[in-house]
Amino acid sequence: MAPHSFFNVNLLLILALFSVFNLCFAARLLSTASLQDQLLRYHNGALLQGTISVNLIWYGNFKPSQRAIVSDFITSLSDSAATPSNPSVATWWKGVEKYYQLANPKNPSSPSLHLGKQLLDEKYSLGKSLSEDQIIQLAANGEHKDAVNVVLTASDVTVAGFCVNRCGTHGSKSSIVKGKNQKFAYIWVGNSETQCPGYCAWPFHQPIYGPQNPPLRSPNSDVGIDGAVAVLSGLLAGTATNPFGDGFYQGPATAPLEAASACPGVYGKGAYPGYAGDLLLDPTTGASYNAHGSNGRKYLLPAIYDPSTSQCSTLV
């Protein structure tokens with residue numbers, strides 16, 4: 001299956017300009033619509049089920065503190081301490097679970113995600129310029145059953161299309177496990193800090209074009225990694241709801257509109273092009289965020305398109 005791009009930067013500005021108007025219009029039209037008429041239509045394919053390990057494959061040089069930010073985010077997805085009154089990563093993930101209720105109303109079964117293995121490739125085994133096939137090759141180093149393998153590339157690694165028309169991708173690959181054909185899902189996201197923070201780490205960096213509002217302070221004091229988490233979270237939502245190219249999406253299967261990419265640039269209520277929305281502010285650091293995570297972490301996560309209301313749903 002062809003990989004799916006998240007936040008195609010050539011289209012992002014156009015999408016952002018029209019998304020608010022289109023979604024408001026969609027809300028009126030789709031309020032009583034059937035599943036088949038939803039903005040993100042279900043194509044009757046398999047969704048992620050059961051206990052899923054999220055394996056992190058670190059390609060290049062990452063500091064331990066950077067790895068901790070991402071691994072804590074994955075752990076936060078199933079944090080049992082989360083409460084609805086305290087916006088959290090786990091609360092955000094419940095927005096993804098609504099798609100499972102639509103796909104199987106009688107027996108909805110959303111996946112249980114947990115942090116799996118972490119593999120380090122600090123010697124750049126495939127070099128510092130990677131193709132899509134090499135990304136898949138790296139992803140194949142993770143588990144092939146009941147897994148999502150996440151490849152994270154360091155700030156000095158270039159990837160085909162990175163900073164040109166994408167900040168990350170997700171897709172799937174077939175493999176043979178114990179004599180049976182299996183498909184494993186994979187995600188790739190790059191650290192854009194030195195290559196294109198204005199594209200892939202907004203709103204923590206001044207945008208390359210468009211409204212020039214001041215950048216926000218990142219919640220974990222790392223523009224590249226906090227930006228990567230925002231991209232990763234959107235890709236993870238797309239992976240859960242459209243893991244193998246025949247789940248929930250709109251448009252061509254090779255470039256689908258998915259659960260998070262349907263809400264470009266929206267992180268809080270009141271968002272508009274160039275403004276991420278009304279966010280929470282850390283009184284000590286001045287950082288902006290919308291979700292609490294494990295180990296006292298704070299994160300900024302994208303809005304998820306809510307199929308029950310036909311609107312972008314934010315935590316704050």
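1. Start with the disulfide that joins C167 to C200, with an S to S distance of 2.1 Å. A disulfide here is any pair of cysteine sulfur atoms within 2.5 Å. C167 sits in the loop between β7 and β8 while C200 is in helix α5, so the pair ties together parts that are 33 residues apart in sequence. Both C167 and C200 are buried; that word means under 20% relative accessible area, with exposed meaning over 50% and partly exposed lying in between (1.4 Å probe, protein chains only).

2. A word on what you're looking at: this is a predicted model, where local features need pLDDT of at least 70 and side-chain atom pairs count only at pLDDT 80 or more, while totals for chains, interfaces and linings use all residues. Residues are numbered from 1 along each chain as its sequence is written, and side-chain values use heavy atoms, with hydrogens and water left out.

3. How many disulfides does the protein have? By the sulfur-distance rule the count comes to 3. Another of them joins C163 to C196, S to S 2.0 Å. C163 is in the loop between β7 (158-159) and β8 (168-177), and C196 is in the loop between β9 and α5 (197-200), so this pair ties together parts that are 33 residues apart in sequence. With a torsion of about -65 degrees about the S-S bond of C163 and C196, the disulfide is left-handed. C163 is buried, at a relative accessible area of 14%, and C196 counts as buried at 4%.

4. Then there's the link between C263 and C312, S to S 2.1 Å. It is left-handed, with -100 degrees about the S-S bond. C263 lies in the loop between β10 (248-249) and β11 (280-281) and C312 in strand β16 (residues 311-313), so the pair ties together parts that are 49 residues apart in sequence. Is C263 buried or exposed? C263 is buried, with a relative accessible area of 1%. C312, at 22% relative accessibility, counts as partly exposed. Counting bonded cysteines along the chain, the disulfides follow the pattern 1-3, 2-4, 5-6.

5. Now the overall picture. The protein has 6 helices and 16 strands; these are DSSP runs numbered from the N terminus, helices being H or I with at least four residues and strands being E with at least two. Of its 316 residues, 51% are buried. Take contacts (heavy atoms within 4.5 Å): among those between residues at least 6 apart in sequence, 72% join residues at least 24 apart. The protein exposes about 13,500 Å², and carbon and sulfur atoms supply 54% of that. Such accessible areas come from the Shrake-Rupley method with a 1.4 Å probe; for residues, only the protein chains shown count as cover.

6. Have a look at the strands next. β3 and strand β4 (residues 112-121) pair in the parallel sense over 8 bridges, and T51 stands opposite S112 in β4. Two strands pair if DSSP finds at least two bridges between them. β3 also runs parallel to β6, joined by 7 bridges. Here I57 has V151 of β6 as its bridge partner, and N55 stands opposite N149. In β3, 8 of the 9 residues are buried, so the strand is largely enclosed by the rest of the structure.

7. What does β6 pair with over 6 bridges? That is β9, in the parallel sense, and Y186 in β9 is the bridge partner of N149. β6 is mostly covered, with 7 of its 7 residues buried. One side has A147, N149, V151 and T153, the other V148, V150 and L152, and all of these are buried.

8. Last, the packing. A nonpolar core is a set of buried Ala, Val, Leu, Ile, Met, Phe, Trp, Tyr and Cys residues joined through side-chain atoms within 4.5 Å. The largest one has 70 residues, and F73 and L77 have the most contacts inside it. Elements that each supply at least two of its residues include β3 (51-59), α2 (64-76), β6 (147-153) and β9 (180-190). The largest share, 9 residues, comes from α6. Setting aside residues up to four places away in sequence, L77 touches V89, A90, W92, W93, L113 and L236. A second, separate core of 6 residues includes W202, Y267, A276 and L300.
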